[in-house]
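Here is a short briefing on one protein structure. Keep the sequence and the 3D view side by side as you read.

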Amino acid sequence: MRVPLHAVAHGRAGDKGDASNVSVICYRPEAWASVKAQATEATVLEAFRHLGARRVRRYALPKLRALNFVIEGVLDGGVNRSLGLDRHGKTLSFLMLGEIEVEVSEEMLPEGSPYLDRR
């Protein structure tokens, strides 16, 4: 089934200057390989291109079942320079978790997931 990334992972984020740092952490070990294969630098760049993203670097943290993305150019010059409302890294993690979709099997979803009711 195809679900938003937030169905199988949660995120943490921060910002420094004009770059946002967004981590995606899988809820279940079963989801790690699928998330790693599908949440790529290209996928994330496409999701943030409309905000001015110029480059994305991805770092895999397999022991944590997490991916860390550094997204350059997405903060409109930096939090203090941006004329956009709430252009902090943490708001961008919600964008990533909602915009990017992944193909997963049911056992990759956490217990109680509303996506299990879609069967």
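Predicted model: local features only at pLDDT ≥ 70, side-chain atom pairs only at ≥ 80, totals over all residues.

**The nonpolar core**

- The largest nonpolar core has 33 residues.
- L5, V35, F48, F69, I71 and M96 touch the most other members of this core.
- Strand 3 (19-26), helix 1 (32-38), helix 2 (41-48), strand 5 and helix 3 (89-99) each supply at least two of the core residues.
- Helix 2 gives the most, with four residues.

- Four strands make an open sheet, in the order 2-3-5-4, and they pair antiparallel.
- Strand 2 (9-16) and strand 4 are at the edges with a single partner strand each, so one side of each has no neighbour in the sheet.
- From one strand to the next, the twist averages 15°.
- Strands 2 and 3 run antiparallel and are joined by eight bridges.
- K16 stands opposite A19 in strand 3.
- Helix 2 packs on the sheet, where it touches strand 4 and strand 5.
- The direction of helix 2 makes about 135° with that of strand 4.

**A loop residue: R65**

- R65 lies in the loop between strand 4 (55-61) and strand 5 (66-72).
- The phi of R65 is near 55°, a positive value in a residue other than glycine.
- Is R65 buried, partly exposed or exposed? R65 counts as partly exposed because its relative accessibility is 26%, and partly exposed lies between under 20% (buried) and over 50% (exposed).

Note on methods: Residues numbered from 1 in each chain as written. Heavy atoms only, no water. Buried < 20%, exposed > 50% of the residue type's maximum accessible area, 1.4 Å probe, protein only. Core = buried A, V, L, I, M, F, W, Y, C linked by side-chain atoms within 4.5 Å. Pairing = 2+ DSSP bridges. Axes fitted to C-alpha atoms, helices over the stretch in contact; angles between N-to-C directions. Contact = heavy atoms within 4.5 Å.
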